[in-house]
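Hi,

Here is the structure I promised to pass on. Have a look at it first, and then read on for what I found.

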Amino acid sequence: MAATPVSTEVVTLKLNDRDVSATRGQTILEVAREQGMEIPTLCFLEGLTPWGACRLCMIELKGSPKLLPACTTKAAEGMEIVLDSDRLKKYRKMILELLFAERNHVCAVCVSNGRCELQDLAQKNGVTHVRFPYRYAKYEVDSTHDLFRLDHNRCIMCTRCVRVCHEIEGAHVWDLKGRGIETEVVADNNLPWGQSESCTRCGKCIHACPVGALVEKTTAVNEMKKRSGFLPYLTTMRENRP
Amino acid sequence: MTPEELRQSAEAERQKSHACKHILGVCCAAGCQSMGSDKIKDALDKQVKLKGLESEVNVKSVGCLGLCAAGPLVSLESDGKKAMYQAVKEADVAEVVEKLGKAPVKRLELSLDIPFFARQQKIILENSGVIDPERIEEYFAAGGYEALIKALTDLEPAEVIDAVSRSGLRGRGGAGFPTGLKWATVAKAAGSRKYVVCNADEGDPGAFMNRSVLESDPHRVIEGMIIAGYAVGASQGYVYVRAEYPLAIKRLKTAIKQAEGKGLLGDKILGTTFSFRLEIRLGAGAFVCGEETALLVSIEGSRGMPRPRPPFPAEAGLWGMPTLINNVETFSTVPPILRNGWEWYSAIGTEKSKGTKVFALAGQIKNTGLIEVPMGTKLRDIIFDIGGGVPDGKKFKAVQTGGPSGGCIPESKLDMSVDYESLREAGSIMGSGGMIVMNEDSSMVDVAKFFTEFCMSESCGKCVPCRTGTAQMYGLLEKIHAGEAVKADLELLKELCDLVRTTSLCGLGQTAPNPVMSTLHYFEKEYTSLLKDGPGKPAAAR
Amino acid sequence: MSKPKIATCWLDGCSGCHMSFLDMDEFLVEFAQKVDVVWGPTVDPKEYPKDVDVCIIEGAVSSDEDLHKLEMIRSRTKILVSLGDCAVTGNVPGMRNALKVPQLFERAYVENAAVNKRAPNWGVPKHLPTARPLHEHVKIDAWIPGCPPPAKAIHFAVTELLAGRIPDSTEYTRFGK
């Protein structure tokens, strides 16, 4: 049993007209997934602190003029929530389009082809083409690490690598540099990854990465298999440590 | 220092001031200083000494006199009569001193009866241009720290909050959240420590309200913050000010040191049990750090990126503790509210927007400068009466209020009252109070492009709609501007604006489309006339 | 009633999408009975007819020749379909876009050449600054992503088109493989 006290206060709310119950403190995303109701996410990864940045999980709350991110909004008594209105679907599609247009996601030649969360969500959300002009900006590929590779062309800035390294591994190799569209993930103080002194070579970032940005070096097209399922176990183990 | 000692010091300062027949106040805020007001002050000092008039004439540095366009400005108070000199040069100094006690120098005189001065009502700026910002005694003499004495000796924290609530004061940083409610929330929130933070990260192009207050009357901000600390139960405060404001930082540092020296900051303030410390944190030039959650993260020492609210800083702010965050103007308004009573304050302004607001007039307007007017003043009066209208015989076209993420308001809306609700209705925002006036020669597509570029490069890069949406908005605006766009591009731009506004994480992204949306709303023809398949153009291949 | 006129076109791509088209196997026979294939790499006519009903286009727009062809086709065709990732996203041809054209030629014809190290200066269409998807140049009516799109995705799209509907092929295909 969990050593930390678990809230047992129960609230009831509506998700898409379905009555559901939740424990106080649970997020809308957690409740929806518990119910088998899908909400798309990219920056969220179970076991890491929610970041609220991809905006794919925006939902409608009755009575609130603003859309709310399901990953950080806590369930409360009497909430009436819509998970997938036409408006939300339209926004999700546009956000995915924006991500594809931002960097160079050439799925056909990507090591993560076939196992990529971005590629997957595009299909599930009906993105047949991208209406925004592709930016075609030049990005580097950092192959200086002996085991892993960072391809900035594929990065979607979800910061799952930053958080897993900081929160779970405790090394804080990754962080961000630059602003706006120029923002990039950097190792240490903007060093080539291979020269990072803080990297423990644990590989957690590889498996936390939803796309083909952080990968194992030996992989070719379609070959990168990611396993992020270890995270909730690690988190639970840590929380339940006697 | 005890309250009695403070009052004695104030009285002594007043006496000293009355002893002088003539007071020459040289504006030493950044605007006039950049035009050489320091040298004029030195020259005046020398001239007064040369003429042996030191006992009669007090030459002092004062804060912003408002009409920056006419600087360097020198105010004159002679036997109770006030006058103002404009565009003073070193060569004028001898004559200025010579004419003291006689009729003022005609060719330099700037009438105080012009609407720019006559129509203003100064509360936040009451001491600006009057006192020497580097002398705490002058602030005492102007009634400074009286509100703090009243709060600490006569009022319970809850009574302070009650007065702020009843005054109707709303946050001057942009969104207009009721200040009293915010204070009450922080006061109620549970936490082993609490913080008070002043947002002085004024990053809007064309805005200099906060800078001017800090340069002209820094003690007012400090006093407001100490009172806030007392009201909400905080003993530590931070002023987050952008590093690009060296003079404001210098004056604020001086003021903090003085307040500490007088026992107004630190342990057991004014002999009571209340303690409060204040530190300065410098921003490194990121516009997004004006957003409260990003600002707090920056104070904590991390990269300034906003985080989702709730939880609001009032519940979980600095280091997870309840934190009160207000801007410079909001804190500056608190002392006069306590001194004069909330009834006095709530009688000024409109039903929902109380008090006065400071605006920075910039762009194609005659009287560039800083003004303070009651809420509810008509936009037309601000621009044409106080601001003197558009120079060079050009026609007015639009005014951008609320900074880079505000909206453009056209001629037809000029008779609206300036308050939070009306501005929002017109597709703009109050923001921190920048007003940029544009004349008939301005292209509104250019204007939208300019502000979108600003928001694009100042986006923190965290959320997708703001990071990449603003970049795509900018690309589409460039395409339209270059005459290469078609109707479908304009439609896509509109959809994108809706997305960025609705789904962005923080205020920066949520308001970034305002310049585009408001210019599209009021000046759509300027966009469509640039389209390849716009009105009157042959059908394009697309 | 005359049969619908269909064309296919091959711009900057590897022809893999046309191969996938041919992978529709036995359906091709049925297809040939229902439509007239009036132009494209699989048939003989040299001139693009004036009133084509549907044109299915593979490949990105990389050269001035591609662009002229695309604009000509647009002006003579009711419905244009982008077939495959190159036409839909720019895909592999678009990977050169971060380079300027002279740099690209230097890389392709000089640095990586074993013999005859020089860029061609005649007989080659002029490269556009970037290789882009079709819909960034002309109006496109339907998209079939994939590298290549599987035959069943093309089958579905063609069937829908023949039934007078604009296909949404997301159920059968996606970006990449």
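What radius of gyration would a compact globule with 542 residues have, and what does chain B have? Keep in mind that this is a predicted model. For a compact globule of that length the figure would be near 24 Å, and chain B agrees, because its own radius of gyration is 24 Å.

A bit more on chain B as a whole. Its C-alpha atoms fill a box of roughly 85 × 60 × 40 Å along the principal axes. The chain has 22 helices and 13 strands, and 55% of its 542 residues count as buried. If you take the contacts in chain B with a separation of 6 or more, 73% of them are between residues 24 or more positions apart.

Two helix pairs in chain B

Start with helix α7 (residues 146-154) and helix α14 (residues 328-340), both in chain B. They pack at an angle of about 65°, and their axes are 8 Å apart. That angle makes α7(B) roughly perpendicular to α14(B), and the crossing of the two is left-handed. If you want to find the contact on screen, look for B:E146, B:A147, B:K150 and B:A151 on the α7(B) side, and for B:P335, B:L338 and B:R339 on the α14(B) side. Sorted by class, this contact has 4 nonpolar and 3 charged residues, with no polar ones.

Now go to helix α8 (residues 157-167) and helix α9 (residues 179-188), again in chain B. Here the packing angle is about 155° and the axes are 7 Å apart. The two helices, α8(B) and α9(B), are therefore roughly antiparallel to each other. This crossing is left-handed too. From α8(B), the contact takes B:P157, B:I161, B:V164 and B:S165, while α9(B) brings B:T179, B:G180, B:L181, B:W183, B:A184 and B:A187. The residues in this contact of α8(B) with α9(B) are 7 nonpolar and 3 polar, and no charged ones take part.

Where the chains touch

Chain A meets chain B through 26 residues of its own and 25 residues of chain B. On the chain A side, the elements that give two or more residues are α2 (86-102) and β8 (174-177). Of these, α2(A) gives the largest share, 7 residues. By class, that side of chain A has 16 nonpolar, 5 polar and 5 charged residues.

Chain A also touches chain C: 25 residues of chain C are in contact with 20 residues of chain A. On the chain C side, the largest share is 3 residues, from helix α4 (residues 84-89) of chain C. That side of chain C divides into 9 nonpolar, 11 polar and 5 charged residues.

Is A:I59 buried or exposed? A:I59 is buried, because 24 other C-beta atoms lie within 10 Å, and 20 or more is enough to count as buried. Leaving aside its neighbours within four places in sequence, A:I59 is in contact with A:I28, A:I39, A:L67, A:L68, A:A70, A:I81, A:V82, A:L83 and A:L88. As for A:P133, A:I59 is 74 residues from it in sequence and 27 Å from it in space, C-alpha to C-alpha.

Conventions:
Residues are numbered from 1 along each chain as its sequence is written. Chains are lettered from A and ligands numbered from 1 in the order in which they are written. This is a predicted model: local features need pLDDT of at least 70, side-chain atom pairs count only at pLDDT 80 or more; totals for chains, interfaces and linings use all residues. Axes are lines fitted to C-alpha atoms, for helices over the stretch in contact, and angles run from 0 to 180 degrees between N-to-C directions. Helices (H or I, at least four residues) and strands (E, at least two) are DSSP runs, numbered from the N terminus. Angles under 35 degrees count as roughly parallel, over 145 as roughly antiparallel, 65 to 115 as roughly perpendicular and the rest as oblique. A crossing is left-handed if the near helix is turned anticlockwise from the far one by less than a right angle, and right-handed if clockwise. Two residues are in contact if their C-beta atoms, placed from the backbone, lie within 7 Å. Ala, Val, Leu, Ile, Met, Phe, Trp, Tyr, Cys and Pro count as nonpolar, Asp, Glu, Lys and Arg as charged, and the others, Gly among them, as polar. The radius of gyration is taken over C-alpha atoms; the globule rule is 2.2 Å times the number of residues to the power 0.38. A residue is buried if 20 or more other C-beta atoms lie within 10 Å of its own, exposed if 12 or fewer, and partly exposed in between; C-beta atoms are placed from the backbone.
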